[in-house]
Amino acid sequence: MRILLFTGKGGVGKTTLAAATAAALAGRGRKTLVVSTDPAHSLADAFGTPLGGEPSEVDLRRDGTPAGLWAAQVDSRALADRTWHELRGELRKVLAGAGLDVLDAEELTVLPGVDELLALSEVRRLASQGPWDTVVVDCGPTAETLRLLSLPEAVSGYLGRVFGNRRVAASVRQLGAHLDALRELLTDPRVTTVRLVLTPERVVVAEARRTLTSLALRGIAVDGLIANRLMPAPGFWRGSAAKWLRTRRDQQDAVLAELAEAGFGPDELARVEHRASEPVGAAALAELARELYGSRDPLSGNGKPVTPLLSVAAEGDGFRLRVALPLDRDSAVDLARVDDDLAITVDGFRRLVALPETLRPCRITGAESDADGLVVSLAGNRGSG
């Protein structure tokens, strides 16, 4: 099973590119499910066909033969209405039994982001139950996606802090195991990768680069970036609009050049030109996929191996800990020790990273950044680990 998540700032065209990728995979003989967790529910518009919460086969062939493509739109609000109240009732009983009064128990069971958590759980359910070997997920805009992808770890930690090692109800244990499984699914680069969609505008690119950092902090692999909606090549321009188009393309090329200087060249950044008409339906999506992937396998990404978040090297009497994070020159970075964890905060995104056992007796003595991320110096007795 391979899972490919598409995300990006709202309005960059990620839904259309996810649909085109799914259609291209099906065209190569892979049984493919494309599912949207975006509340906007525009996946049906891209295919030009109605979609519901359960997968239905999308007819991409005029002769009516099966195309090997299924699609669905997850309604997270309906999922919450149907399933969350039962689990919440169980949690309320356990919390009250732990000595909390009814009001406290009620407050603690209102988990922020439960809609997104259920949407992610539904994707996992659909991925495990159908005949497909590839699942393409049209995620919500970047902010919602980051919250969605961080929820399994956050909620699992919440349950651990509330209940500790005490015996808890079977439903709570089941939720904890389910969250652990979700986290493992998201952080296994052999199974799940993210494809980040952007348009060549500085505000959009700035958000995309922050997203790369946040995903790296959470151990979620990004296998490629797509620059969408480039102005067409100058040879096609005619008439009074040519000057406006030339100026717009020059601005886009300048943004792409800055990305190339930051290490996102042609091998890491695919490009798709803007179209005069919106790509809707099988034929338009197939044409878009040909431009995007050519003869390449749509699952190949940029073909580069995933760099581990942490790597350690001995240095003198201490160690150098490398944290592989994409950083901007003006990124605000903060490091702190929290018990046996390293708390890393970059531009407001924070994660506790468990230190290798060897480094736990050490103290942080300095940090610097280079093209590959952060390098943290630690001092301590190397013989104590």
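How many of the 14 residues of α1 are buried? I started my notebook there.

**Ground rules.** I am working with a predicted model, where local features need pLDDT of at least 70, side-chain atom pairs count only at pLDDT 80 or more, and totals for chains, interfaces and linings use all residues. I number residues from 1 along each chain as its sequence is written, and side-chain values use heavy atoms, with hydrogens and water left out.

**Helix α1.** I found 13 of its 14 residues buried (under 20% relative accessible area, 1.4 Å probe, protein chains only). I see α1 running over residues 14-27, and its first and last C-alpha lie 20 Å apart, close to the 20 Å expected at 1.5 Å a residue (1.5 Å times one less than the number of residues). After α1 I noted glycine 29, with a positive phi near 95°.

**Whole chain.** I looked up ten helices and 15 strands (DSSP runs: H or I, at least four residues, for helices; E, at least two, for strands). Of the 385 residues, 47% are buried. Among contacts (heavy atoms within 4.5 Å) with a separation of 6 or more, 69% join residues 24 or more positions apart.

**Helices α8 and α9.** I checked how α8 (residues 202-217) packs on α9 (residues 242-261): the angle is about 25° and the axes are 10 Å apart. That angle makes α8 roughly parallel to α9 (under 35 degrees). From α8, Arg202, Val205 and Arg209 make the contact, meeting Ala254, Val255, Glu258 and Leu259 of α9. A handy reminder to myself: an α-helix has 3.6 residues a turn, so residues three or four places apart point the same way.

Notes
Buried means under 20% relative accessible area, exposed over 50%, partly exposed in between (1.4 Å probe, protein chains only). Axes are lines fitted to C-alpha atoms, for helices over the stretch in contact, and angles run from 0 to 180 degrees between N-to-C directions. Angles under 35 degrees count as roughly parallel, over 145 as roughly antiparallel, 65 to 115 as roughly perpendicular and the rest as oblique.
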